[in-house]
Amino acid sequence: MAEKSCYINRRTFLKGTGVALALPFLDCMRTPAHAGKSAGAGLPKRLCAIHFPYGASVPAEDHEDREWGWFPVREGSGFRFTKVLQSMEPLRKYTTMIGGLSHPTGRHIGGHDTGDIFLTGADFSGANFTNTVSFDQIAAAKIGHETRFASLALSSDGGIGMPTRSKTLSFTQSGQPIPGLDKPQQIFDSLFGIDGGTIAERRRRLQTETSLLDRVMDQSKFLRNKLGRQDQEKYDEYLTSVRDIEQRVVRSQEWLDIPKPKVDASELNLEVTQEAPLEYMETMYDLMYLAFRTDSTRAITYMLGAMNGETSNQFSKALGLGSQHELAHGAGKPGGFIRQGTWNICLAENLARFLQKMADTPEGDGSLLDNTTVLFGTSNSRTHNNHNYPLILAGGGNMGFKHNQYLSYGKGGEDVPMSNLLFTMLNRMNITDTRFSDSQGDLSDLYV
């Protein structure tokens, strides 16, 4: 036992004590193998991905409204933020602006069909709307056992939506959508709330659920053999969903005796709904911060807005602008880039607030942001243009990422696969060193 990580004991330290406050991550929780190495060695490695729909303000380089464009002026470390991303200036040492990436599988499909594949790179060509596993779930499968929640899928619109109009960024190993949570109070209660009943009562409920799932799986073997090939494929998708539930029940049993973290909710507006969209967005970011700060999970996705999602349009309307869809289609009209850029300013300000809170939170010899990589962006440039995704990569300094730069790929006229970026993020977390989706290699410009 002496050779095992102190971090393993973190899960058992509070059992039976009645203490309501879970331990933060301590220096002693680093594994012995990492002792004496760099400041970030042995600390948690986290990832977060946030997607907004309908592209960004992308005027031409010589356009009179260039200052209302998303992409910076000049490349490399000497880049200059336009007025759209001025709120990111204090965070530039944590930030890399990226252009010239896109998913090859999404370049020729519908202009508003690409949100589904933002984190998967799946092929939606023709009538094929079958998704594949998202990169956050690749990470969850590798590191999810370390935390109470393997991953957290959030969505301003909630649920799963439908193919090409997904309301979640996260997809299971079999490509099934993971419903995005959208109610702040429900999310908070799941992360930090008191579960109903005694531990013994909750254990009995979980044991009952396990027994029911066991029966379903036993009976399924008999039923599957009586089905035709196509029905067997559909039935296998159903069984995969049952297995996912089974894994969640097992996880709940493992963490049953460990108290949830106790956090101060006095500054959270948990009653807020999408009817107050800007306050709602702030609260969702605050919940993401708390989930990372308490090490409740190490993988979070947030579909800030879905294509054709009602909440997506409410965000921009709250600023006195039109719907995001209208803003995107009106970008080329007089004043259109200014209007869309005004909405992009709001997006950047909320992201900057989230990143700054993490940068201001000490962890190890660095900060929470040093141990978390955050991907923020959209899968259109201008609307109906599925090239040159406007992307921001932030944090992850303790994983070797270097920042304070603007990188623009695809100089030969063809974008670089975005899966290269997703693979690089997984690789720097030691999740995989082979590939992800249709990646061709990592992006070495991003790390030291």
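This is a predicted model: local features need pLDDT of at least 70, side-chain atom pairs count only at pLDDT 80 or more; totals for chains, interfaces and linings use all residues.
Does Asn430, at 52% relative accessibility, count as buried or exposed? Asn430 counts as exposed, because its relative accessibility of 52% lies above the 50% limit for that class.

View 1. Of the 448 residues of the protein, 55% count as buried. The protein exposes about 19500 Å², and carbon and sulfur atoms supply 51% of that area. Among contacts between residues at least 6 apart in sequence, 69% join residues that are at least 24 apart.

**View 2. Helix H3 (residues 184–192) beside helix H6 (residues 277–293).** The axes of these two helices come within 10 Å and cross at roughly 10°, which makes H3 roughly parallel to H6, since angles under 35 degrees count as such. On the H3 side the residues that take part are Pro184, Ile187, Phe188, Leu191 and Phe192, and in H6 they meet Tyr280, Thr283, Met284, Leu287, Leu290 and Ala291. Sorted by class, this contact has ten nonpolar residues and one polar residue, while no charged residue takes part.

**View 3. Helix H6 and the residue Asp295 that follows the helix.** H6 has 17 residues, and the distance from its first C-alpha to its last is 24 Å, close to the 24 Å expected at 1.5 Å a residue. The helix is mostly covered, with 13 of its 17 residues buried. After H6 comes Asp295, whose phi is positive, near 55°.

**View 4. Helix H7 (residues 310–317) and the elements that its buried residues pack against.** Thr311, Ser312, Asn313, Phe315 and Ser316 are the buried residues of H7. The buried residues of this helix pack against H6, strand S7 (299–303), helix H8 (324–329) and H9.

**View 5. Helix H9 (residues 336–359), seen along its 24 residues.** At 1.5 Å a residue, H9 should span 34 Å, and its end C-alpha atoms are 34 Å apart, which agrees with that expectation. H9 is also mostly covered, as 17 of its 24 residues are buried.

**View 6. Asn404 in the loop between strand S11 (391–395) and strand S12 (405–408).** Although Asn404 is not a glycine, this residue has a positive phi of about 60°. With a relative accessible area of 27%, Asn404 is partly exposed, because that value falls between the limits of 20% and 50%.

**View 7. Asn430 in the segment after helix H10 (419–428).** The phi of Asn430 is near 60°, a positive value in a residue other than glycine. To return to the opening question, Asn430 counts as exposed at 52% relative accessibility.

Conventions
Residues are numbered from 1 along each chain as its sequence is written. Side-chain values use heavy atoms; hydrogens and water are left out. Axes are lines fitted to C-alpha atoms, for helices over the stretch in contact, and angles run from 0 to 180 degrees between N-to-C directions. Helices (H or I, at least four residues) and strands (E, at least two) are DSSP runs, numbered from the N terminus. Angles under 35 degrees count as roughly parallel, over 145 as roughly antiparallel, 65 to 115 as roughly perpendicular and the rest as oblique. Contact means heavy atoms within 4.5 Å. Ala, Val, Leu, Ile, Met, Phe, Trp, Tyr, Cys and Pro count as nonpolar, Asp, Glu, Lys and Arg as charged, and the others, Gly among them, as polar. The expected span of a helix is 1.5 Å times one less than its number of residues. Buried means under 20% relative accessible area, exposed over 50%, partly exposed in between (1.4 Å probe, protein chains only). Accessible areas come from the Shrake-Rupley method with a 1.4 Å probe; for residues, only the protein chains shown count as cover.
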